[in-house]
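I opened this notebook to record what I looked up in one chain.

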Amino acid sequence: MTPHRLALAVLVLVSAMAAGAQGRQVTVSGRLEVIQIDDFDHGKSRLVHKLRDEKSGREYELDDVAPGLRHGMHVRAQGRLKRGVRRDGARVLGGPAGGELSLEVLDAGMPAAALVTGARKALVMVVNFTQDAKTVACSDAAIAASMFSGNPSVDKLYQETSFGQLSWTADTNGNGAPDVVRVAINDAGNDCDTTTWRSLADSAATAAGFNLSLYQHRVYVLPSNVACSWAGYAQVGCGSACWAMIATCDRGDVYAHELGHNIGMWHASFDADENGAVDATCPWGAWSGGGEYCDDSDFMGISTNVWRQTNGPHKHQMGWIPANKVVDVAGGGTFALAPLETDPATTALPLLLRVARPAGGFYYLSYRRRIGYDANMRASYADRTSIHTHPGGNTLLVRFLADTEAFSDPSGAVTITQLGHDATAAQIAVNVSCGNGVIDPGEECDGASLGGATCGGCAGTPSCTASCRIDTSACTNGVCDATETCASCPADCVGAGAVCGNGICEAGNGESCVSCPADCNGRQSGNPNQRFCCGFAGSKPVGCSASLCGACTTAPVSVCCGDGACTGDETMSNCLRDCPPCTDADGDGYCPSQGDCNDANPNIRPNAAEVCSGGVDENCNGLADCNDPACSTSPSCTTCSPLGASCTQNGQCCSLSCGGKPNRKTCR
């Protein structure tokens with residue numbers, strides 16, 4: 001083999017290997033499973049999205065999924081398999097090289113619970129492995145005490161933090177013993193195949209006489225030396241068909257944490273720089289993983305066998321604080337705030353203050369004391385006001401304040417001060433400059449005071465948001481009103497002017513060989529190397545290639561309401577001055593003043609498909625049959641041969657592609 005051929009062969013082989021590593025494209029659909037992996041010892045957290053394809057029954061893990069998707073959503077995912085990669089027994093589906101996984105939500109599934117209360121039912125399965133003799137070190141009695149009967153226990157912790165509204169039933173099946181069963185499975189704990197482990201444990205528990213349908217939660221306690229690098233592993237927001245896995249049998253707060261994920265809580269994190277994201281560091285020292293688990297005033301923070309309640313926004317999320325004990329602060333003032341640990345039935349004071357945050361959402365203010373399970377709480381939180389945000393995932397601790405300490409938001413519009421405290425309340429001063437009707441430093445407006453803001457040449461009126469920012473969303477309405485012009489209000493008066501069928505491929509307006517083949521050339525079949533699509537769609541889009549696309553533009557084509565011509569996307573409803581009321585005799589949506597050149601025939605109108613024979617101008621552009629650019633590729637208007645016709649050379653074909661066996665070539 002010559003050096004040149006050898007180099008070419010190596011190149012082809014490398015290209016094939018790269019393509020093979022990426023795997024084939026797959027489309028799957030099913031119910032989404034959202035799982036949180038917690039490695040507290042190393043500060044690592046990972047969110048997993050899985051689904052079991054409803055057609056094949058195969059399980060897939062979806063890589064790089066955007067946040068915000070909920071457990072139970074019905075989704076369709078399209079991507080490429082990661083060849084040779086499996087996680088927890090599931091195939092891994094990612095995006096194409098350099099691209100993202102395509103994900104479509106088909107239905108939202110079960111809604112997020114507004115109130116999490118009642119007696120929850122959990123079966124705890126203590127799992128031993130027979131193949132490698134890995135066993136759970138804690139006794140069944142010790143685990144039952146941690147979950148149900150001890151003090152402390154998960155049951156008593158949840159009862160206290162929920163003010164008696166949520167508990168964990170010890171004996172759901174009524175056999176007189178706590179719902180804890182030790183099972184042995186014929187497997188080894190060396191591959192972290194949790195899907196198989198759960199299935200085997202379920203079968204063993206069923207064989208032991210437990211009816212799994214009685215339980216809302218299945219808790220699997222594993223030996224600490226299984227080949228998994230986490231302490232806990234649980235579904236998030238799974239309603240009444242949940243599982244959680246524990247690999248640290250002696251840490252009671254890990255049980256509480258993973259079950260917290262089951263009922264919909266995310267992590268308790270730090271955001272000391274108030275940028276809306278979890279901090280990279282934690283003030284408690286060199287914690288691995290930064291601020292992800294840093295708010296350890298909440299058992300949804302780090303889990304190191306320290307029992308404590310949840311923070312204010314988590315109690316609010318779960319619906320455990322009555323509405324009359326949550327105060328929304330509007331214009332500022334001084335407020336007495338009861339300790340968050342206080343039973344709301346025993347105090348007239350609020351347990352939570354919410355202050356509108358200029359950047360969006362709320363600040364949640366709570367006063368913490370070392371009472372009950374919070375006696376174990378870090379001293380830094382005690383007798384202080386905690387300030388959190390809760391953007392929808394993790395709760396974010398922004399600051400905690402001792403007496404006389406103050407916090408101001410980045411805009412300076414909100415200042416919060418703890419004036420003092422005693423055993424019954426903290427005195428909190430909230431200075432909200434936004435809302436006093438005066439435009440203070442850092443504000444764009446305040447109430448009716450707009451600071452001279454206008455909509456420019458648009459006919460609407462701006463407004464002021466609750467965070468004292470100008471809102472111009474009402475300035476435009478998509479209608480070019482009498483006082484507006486294309487220069488003064490382009491958002492209302494300038495529209496899209498692309499017309500499919502005018503012989504110009506207006507790629508800047510979205511036309512392509514797919515959406516408008518009459519104007520945009522393309523070849524989407526045959527040899528993949530010869531495919532192309534004028535515009536920005538289809539296989540191998542070429543935009544406006546001068547050699548392939550003819551009359552074509554990538555610049556958006558627009559029309560102006562007021563130029564006297566009813567064209568483009570102008571209609572009577574959005575541009576009355578160009579498209580006045582008229583009578584549409586044939587009901588095709590156009591009348592003569594709008595360009596209908598035959599108002600007695602609904603098949604003849606602007607934008608209609610041109611029939612390239614018969615002498616009729618169907619699309620009313622003044623050109624009929626082969627004189628219309630829309631017919632430029634029609635077999636009846638060209639000397640080239642259509643697809644499938646016999647040929648001997650490329651130039652004979654409209655597609656410029658002639659191929660096949662000798663003496664049997666056809667246009668492709």
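**Basis.** I worked from a predicted model, in which local features need pLDDT of at least 70, side-chain atom pairs count only at pLDDT 80 or more, and totals for chains, interfaces and linings use all residues. Residues are numbered from 1 along each chain as its sequence is written, and side-chain values use heavy atoms, with hydrogens and water left out.

**Confidence.** I looked up pLDDT, the predictor's confidence in each residue from 0 to 100. The chain has a mean of 88, and 93% of its residues reach 70 or more. Residues 1-20 have a pLDDT below 50, and this stretch has two contacts beyond near neighbours in sequence; contact means heavy atoms within 4.5 Å.

**Overall form.** I noted a radius of gyration of 34 Å, whereas a compact globule of 668 residues would have one near 26 Å. The radius is taken over C-alpha atoms, and the globule rule is 2.2 Å times the number of residues to the power 0.38. The C-alpha trace spans about 90 × 75 × 55 Å along its principal axes.

**Strands.** I counted seven helices and 33 strands; these are DSSP runs numbered from the N terminus, helices being H or I of at least four residues and strands E of at least two. Which strands pair with E17 (residues 362-368)? Strand E16 (residues 352-356) runs antiparallel to E17 with four bridges, and strand E18 (residues 384-389) does so with five; pairing requires at least two DSSP bridges. Alanine 356 stands opposite phenylalanine 362, and tyrosine 364 faces histidine 388 in E18.
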